[in-house]
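I have the model open and my notebook beside it. Here is what I looked up, in the order I went through it.

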There are 2 protein chains.
Amino acid sequence: MFPKLPIRIAVLCLVAGAFAVTFFFHHPKAALAADSTAPAYTTNGELLPPTNYREWIYLTSGVDMSYSPKAPGMQSHSSFDNVFVNPAAYRSFLATGTWPDKTILVLEVREAKSKGSINQHGQFQGTQLMGFEVHVKDETQFPGKWAFFDFDSPDKNGTLIPQGAPCYSCHAAHAAVDTTFVQFYPTLLPIAEVKKTLSAAYLKDEAAAAQAK
Amino acid sequence: MFPKLPIRIAVLCLVAGAFAVTFFFHHPKAALAADSTAPAYTTNGELLPPTNYREWIYLTSGVDMSYSPKAPGMQSHSSFDNVFVNPAAYRSFLATGTWPDKTILVLEVREAKSKGSINQHGQFQGTQLMGFEVHVKDETQFPGKWAFFDFDSPDKNGTLIPQGAPCYSCHAAHAAVDTTFVQFYPTLLPIAEVKKTLSAAYLKDEAAAAQAK
């Protein structure tokens, strides 16, 4: 189970408003492991955990990313965000520049450490997990095709984040490809550019940023 | 080809002395892609590039890591280090706590950006590669079993770093498992602890650090 610390979920689920969304990890729930990379659910709509995600395709890491002005005190827990995707969806993206049905993106939040062993500067990833979230595309399951789930732990079931949450509206308004933040996935952004799959919303943001310079 | 920028190689190949080793990328060389995950060499001892390493197993990322006091001006190019390993070696490590023959560890150095799209704080990875290095275990090929290679680009052949370079002595003196910095690989360190494969040198470092607290 994760430590009872508030953390920011910065890469997949964005925070609209004055400060980042925080959550606490508590109450582990029984879970069955998903035995394939297709999303699987319990009868009450929880998502089974993608237990082998560390053997999936790595997309990127960020450190202390935030899409909104920082609230006082939010800097106290420095963390890395690591993003993984199931291999079938990755291969489809390479071919098409967008995500197929049954795509599963995993956000793993991990403590950032500066002191340890012989390291003297910068930051490295510690063994402590601080958060875990999944963004899944399942066209027949969700009205908006995609849904976010958060997890108390990577081996427990995930709880659906309701469609009205700011994650959804922000991803729709700013994400580069199909409501996903491909602008932060360095090996995929060039593919989306070539395949011309960048969203109108993202292109509008980029044009406005270029004009502001 | 990489930009002509000096960069630090912080995770795999360490820098002994007052400041981090720097190198420049230049003169692309012809290369054949390695078509499997076993290391393969040209007749003059260059290492063929592991072209599909982004589909290998991700181990960790660091940001601006350094094992030595920072020299003035070294902060100007912030970067992430991403480490990948071939899947067969990873599975062997899960079972044994150490690396088999033919292990290939890849260090990809990528620009760290702070401003871009809707990001306001922290850092994310950009599309620009700034360095590429491989640490390979090939017991019949190298007197010390392991060797480092640096690359002008991930699709060119790699040049052997001579065995007298500080990479080798520092890894021997401080790395947690079999001359590799498993202390910075958060999912593998607990396995090495359980399997009791941590090096005497690393345990000595840790004991000294604990005593100094």
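Predicted model: local features only at pLDDT ≥ 70, side-chain atom pairs only at ≥ 80, totals over all residues.

**Entry 1**

Then I looked up how chain A and chain B meet. I found 49 residues of chain A in contact with 49 residues of chain B. The area buried between chain A and chain B comes to about 3600 Å², and carbon and sulfur atoms give 58% of that area.

**Entry 2: strand 3 of chain B**

Next I turned to strand 3 of chain B, residues 104-113. I looked at its partners on either side of the list. Strand 2 of chain B, residues 79-85, pairs with strand 3 in the antiparallel sense, over seven bridges. Within that pairing I picked out B:Asn82, which stands opposite B:Glu108 of strand 3. Strand 4 of chain B, residues 121-137, also pairs with strand 3 in the antiparallel sense, here over nine bridges. In strand 4, I found B:Glu133 as the bridge partner of B:Leu107.

Is strand 3 of chain B largely enclosed or largely open? I counted nine of its 10 residues as buried, so the rest of the structure largely encloses the strand.

**Entry 3: two helices of chain A**

I then followed helix 2 (residues 166-174) and helix 4 (residues 200-212) of chain A, whose axes come within 6 Å and cross at roughly 65°. An angle of 65 to 115 degrees counts as roughly perpendicular, so I wrote the two helices of chain A down as roughly perpendicular to each other. At the contact, A:Ala172, A:Ala173 and A:His174 of helix 2 meet A:Ala201, A:Tyr202 and A:Asp205 of helix 4. Sorted by class, I have four nonpolar residues, one polar and one charged in this contact.

**Entry 4: A:Leu198**

My last stop was A:Leu198, in the loop between helix 3 (189-195) and helix 4 of chain A. Is A:Leu198 buried or exposed? Its relative accessible area is 17%, and the cut-off for buried is under 20%, so I marked A:Leu198 as buried. Leaving aside neighbours within four places in sequence, I listed its contacts as A:Ala176, A:Val177, A:Leu189, A:Ala192, A:Glu193 and A:Leu203. I also checked A:Val182, which is 16 residues from A:Leu198 in sequence and 8.8 Å from it in space, C-alpha to C-alpha.

How values were computed. Residues numbered from 1 in each chain as written. Chains lettered and ligands numbered in written order. Heavy atoms only, no water. Buried < 20%, exposed > 50% of the residue type's maximum accessible area, 1.4 Å probe, protein only. Helix = DSSP H or I, 4+ residues; strand = E, 2+ residues; numbered from the N terminus. Pairing = 2+ DSSP bridges. Axes fitted to C-alpha atoms, helices over the stretch in contact; angles between N-to-C directions. Parallel < 35°, antiparallel > 145°, perpendicular 65-115°, else oblique. Contact = heavy atoms within 4.5 Å. Nonpolar A, V, L, I, M, F, W, Y, C, P; charged D, E, K, R; others polar. Buried area = accessible area lost by both parts, 1.4 Å probe.
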